Amino acid sequence: MRVHSAPWRAATVLASVLLVGSMAACGNSDTGGGGTKDDGKITMGFSQVGAESGWRTANTVSIKEAATAAGIELKFDDAQQKQENQIKAIRNYIQQKVDVIAFSPVVESGWDTVLKEAKDAKIPVILTDRSVDSADKSLYKTFLGSDFVKEGRLAGEWLVEQKKTASGPVNIVELQGSTGAAPANDRKKGFGEAIAANPNLKVIASQSGDFTRAGGKQVMEQFLKANKQIDVLFAHNDDMGLGALEAITAAGKVPGKDITIITVDAVKDGMQALADGKFNFIAECSPLLGPQLMDLAKKVKAGEEVPARIETEETTFTQAQAKEALPNRKY
Ligand code: AHR
């Protein structure tokens, strides 16, 4: 996480003293959540995307463990990758008058109405992992998560460097994440911008594998049938890359050698494939957002100002770096 500067901290402390003071005086808060109970205990309603990937599982564990550690009561809902389920869960949390609502939006668009309902009910909303495309930024307090464009760009820049001596076309296939999801849109954008540096690098096919292993395998099978020469696979997450490995091996090709494989996430299974030489490069996306999320929930409940955007710190891994990092990998 980006560390806040000293003046920011001082301003925050001052703002919170003033705000807490005025809350005590008025006996009510504009952002304090629900506006009904003030027992000092925080209840958070969290709507998770689903359980589509190893990343998501690690993210759910991080949020549940962090809530327990922070003494925050967590109401958790798994939306099974459906926006309508997330909207329903958020409306339930509003009815239950939770103190804070947090969610990872399955897609970027279509949230204004429900976010406005939360705002009208004076329940602060924290976006975690993925953002929304609402023009009205006052509909949520902050967005905690990765820079997905950067992840795509890092993946593309690595490829540009690897193929700098290529004299002919380099055929790339792309497994996109779930249609309409921020990481799918942004990773595609970042990767596309980076590989534009070398006109030999061409995306010859690009399709969604829905961030799942099954989706990655199925779409890669189609890619292999439809395209004689595939040199590179860029998968928007490890799980789709792992599914694609099965399709590539079944087609009699050697993953990591005949086809260069680049993914995003760096979960354990992905890192193992990288260390084993089956993947070639991973741009990390950290799922360990729980502790920062709980910290933010406490701050917004206390009426403190929080930064509008908190970016997760991430790195990249080559095969040698994966071998080194694997023994200590937490997820
Ligand atoms: O939003 C983060 C993405 O969602 C992860 O990269 C992917 O694995 C997950 O399903």
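The questions and answers below concern the ligand and the cavities of this predicted model.

User: Which cavity does the ligand sit in?

Analyst: Counting those of 30 Å³ or more, the model has three cavities. A molecule sits in a cavity if more than half of its atoms lie within 2 Å of the grid points of that cavity. By that rule, the ligand sits in the largest cavity.

User: What volume does the largest cavity have, and which residues are the closest to its centre?
Analyst: The volume of the largest cavity is about 100 Å³. Of the 13 residues that line this cavity, the closest to its centre are Trp55, Arg56, Arg130, Arg187 and Asp265.

User: How many residues of the shell around the ligand are charged?
Analyst: The residues around the ligand include Glu52, Arg56, Asp129 and Arg187, and helices α2 (54–70) and α6 (182–195) each supply at least two residues of this shell. By class, the shell has four nonpolar and two polar residues, and the number of charged ones is six.

User: Which helix gives the largest share of the lining of the second largest cavity?
Analyst: The second largest cavity holds about 70 Å³ of space, and among the residues that line it are Asp147, Lys150, Glu151 and Leu154. The largest share of this lining, three residues, comes from helix α5.

Methods:
Residues numbered from 1 in each chain as written. Predicted model: local features only at pLDDT ≥ 70, side-chain atom pairs only at ≥ 80, totals over all residues. Heavy atoms only, no water. Near = heavy atom within 4 Å. 1 Å grid on protein atoms, 1.4 Å probe; cavity = no way out; pocket = protein on both sides within 12 Å on 5 of 7 lines; lining within 4 Å. Helix = DSSP H or I, 4+ residues; strand = E, 2+ residues; numbered from the N terminus. Nonpolar A, V, L, I, M, F, W, Y, C, P; charged D, E, K, R; others polar. Points joined across faces, edges and corners; volume = space filled by probe spheres on them.
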